[in-house]
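Subject: A structure for you to explore

Hi there,

Here is the structure I promised to pass on. Have a look at it first, and then read on for what turned up.

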Amino acid sequence: MRLSVIDAERCTGCQICMFACTRRLGYAGMGKTAIHIKSVGGMERGLSVVVCRACQDPPCAKVCPEDALVLRKGGGVLLNPSKCTGCGLCREACIVSAIFWDKEAEKPIICMHCGYCAKYCPHGVLALEERREEVSNAAK
Amino acid sequence: MLPNDPLANVLYVDLSKKRSWVERREDLFGKYFGGAGVAIQLLTENCPAGIDPLAPEAPVVLATGPLDGLFPLGSKTVAMFKSPHTGNLGESHAGGRSAVAIRMSGVGAIVITGANTNPGYLSIEGGKAYFHDATTLWGMSSSVTAGRIIRQNESSSGLRSIMRIGRAGENLVTYADVSTETYRHFGRLGMGAVFGSKKLKAVVVSGNRTLEVADKVAYRALYDEINTAAVSSPIMKKYHDLGTAENIQPLSALGGLPTRNVQAGRFESAEAISGEHYAEHYLGRRLACSHCPVACIHIAALREPYQDEAYYYKTTMISYDYEPIYALGSMLGLSNPEQVLSLMDEVEVLGLDAMSSGVCLAWATEAMEKGLVTEQDTGGLKLEFGKADGYVAGVEAITSKSNEFWSILSRGVDAAAARYGGADFAMAFGGNEMPGYHTGPAGYLGFMLGARHSHLDNAGYAIDQKELTKGLIPAEQLAQKLMDEERWRQVLSSLTVCFFARGIYTPELTLRALAAAGYNLTAEQLAETADDIYRAKFTFKLANGFDFDKLTIPQRVFETPAVVSGFDEAYMRRAIAFAAGQLASPRA
């Protein structure tokens, strides 16, 4: 299973997914979110959803010097925070810029594909689903 | 409030000295929550009575509240300033990403004083202000383009708000607005001119953080309760489906849609400019403020051919709502939905308040019909109800203050009527041009008695439609109802929750939401705080020259049949006198 962006054109920019991802850990605000919503160069042009695509062979894990990123079943990685030194190489390796930074912990924030955000998306933009190899718009 | 909540940080910015600093104000946020409650205190502290609203030392206050960043629909920023339009309390609310961005930046409020020597913009992050030059953006024809350039210069896409002015603000039109995220506005009362007087083109606020809550488990449960209500409650449905434009046809059918400067309450072309028509033919996208599952922002896609070249088109995305459709549609007798969209876009690009612009142009049209204003006055421009071209030229003339007439009209309809006559059909209340409700005495009293002279202060228009259609009630009783509603709304605008969610945030739910943010109050304490905030606003208003006895009522109100009729000036004066007795003295 992994988190999929079903249709970014349906996104209204409410950012409720970002709050959900942070609330999962018991906080308000958006400081722990692994999914980001931003405009495509202005609200008039619509929104883009930036989140991990759950690569089968993730470049982020390859560059981690501490083996802090463990391959996740179903794609993507899981962060072992005790091994992570906060070097940030993983963030640079992600071509869709889906690795975010936790300024409070000085560690990367990477989606673990739990689907908590999708439960709150009011407009059917996100879903937790079986992997489809043809998904093309996950990082749209 | 919770200890160490960054909400209590107030960022002070002095544009003249290019200096910023943070002060911890738990005294204010602990007692008044945030939003309107804190803003009126910060305004009172920083804005001496009698000051020129456009003087460098006049402050602009932006305040958010404890529920912003915590719960759905906590999405509003309250701005306070001294209004250059009325010379009194200026209060304006906007959504977009402004409230969440301010809260995430690590402050609860921002107080901006002083003035730039050269045009500049501010970026605010991590409790600090950074001063940037904006000389090249000053005078740029479109505020949307200026917003785009600032967007490209700044990082933190998706985690920021860009509040900016257009040419109307630069030129000190007293009803210029400040827009944010292209489509949301700090409208009414001229905050854009205050930015303009400070040579402040824009304020960018960005940041991201976590916020603590009192009890993590209880917080998640309450969040789900509020979120479920927000997405499934029938009271939010109208905002969700057609948006506020849903009201055009029903209000016209009742006789409450101001038409051709309120010469009528029914518009024969209401269907053509209705929410239904726009949704069916033009709706191109819906957007939401940050943390709002409702997404009431409706954007029309207007596709227009260029006249000089075949197969050449442009498509403009234009935000529409009930109020701009009223002010720039029925009020001007415009029945072509595309022309109304174009005029709304023009007003957006210039950075004018849509309501005041429409009312000013409607007055000017009638004044021309009656011969009070001539084409010589207007510089050859002929204004006629139903003709869009004159109005497109008119909003440009207002913005550029192209001659004496347009310069006076750029100060509002009262200023224009004082010079040219026609006060009986100059549709302003408390100095502020009317919103789109010709519903009856509660609506009009609401405009006059509300601290912002806004229909949203007390929703008098709803009292007309729901209650007074069954018969008038004593004037004093009506004034009391309006005041009771406005008093409660001080709580919502201090949390800071969108008024559209007022049906969800009942006093009972509000107390529980406040508890999550570390405020433990009883219902009685909450009511007392509401009253304190309400009275603090009137203390400011009275100290700055507001006088209930000097409120004027254009006779047009009584002449054109409304949803509720049969009221006269004496009835209105009794209600005003009652309110004055209640509000002009401190609480007993």
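How many positive and negative side chains does chain A have, and how far apart do the centres of the two sets lie? Chain A has 19 positive and 14 negative side chains, with their centres 3 Å apart. Here Lys and Arg count as positive and Asp and Glu as negative, while His and the chain ends are not counted; each charge is placed at NZ of Lys, CZ of Arg, CG of Asp or CD of Glu.

Some ground rules. This is a predicted model, where local features need pLDDT of at least 70 and side-chain atom pairs count only at pLDDT 80 or more, while totals for chains, interfaces and linings use all residues. Residues are numbered from 1 along each chain as its sequence is written, chains are lettered from A and ligands numbered from 1 in the order in which they are written, and side-chain values use heavy atoms, leaving out hydrogens and water.

Chain A contains four helices and nine strands, in the order β-α-β-β-β-α-β-β-α-β-β-α-β. (Helices, H or I of at least four residues, and strands, E of at least two, are DSSP runs numbered from the N terminus.) Its C-alpha atoms fill a box of roughly 40 × 35 × 25 Å along the principal axes. Of its 140 residues, 56% are buried, meaning under 20% relative accessible area with a 1.4 Å probe and protein chains only (exposed is over 50%, partly exposed in between).

Now for the nonpolar cores: sets of buried Ala, Val, Leu, Ile, Met, Phe, Trp, Tyr and Cys residues joined through side-chain atoms within 4.5 Å. The largest has 219 residues, and A:Leu126 and B:Trp363 are among those with the most contacts inside it. Helix 13 of chain B (residues 354–369) gives the most to this core, with 10 residues. A second, separate core of 26 residues includes B:Leu11 and B:Val205. In soluble globular proteins, nonpolar side chains tend to be buried together.

Finally, find B:Gly166, in the loop between strand 9 (160–164) and helix 5 (167–170) of chain B. B:Gly166 counts as buried because its relative accessibility is 1%. Beyond its neighbours within four places in sequence, B:Gly166 is in contact (heavy atoms within 4.5 Å) with residues including B:Ser143, B:Lys201 and B:Val349. The C-alpha atoms of B:Gly166 and B:Glu348 are 8.3 Å apart, although 182 residues separate the two along the chain.

Happy exploring!
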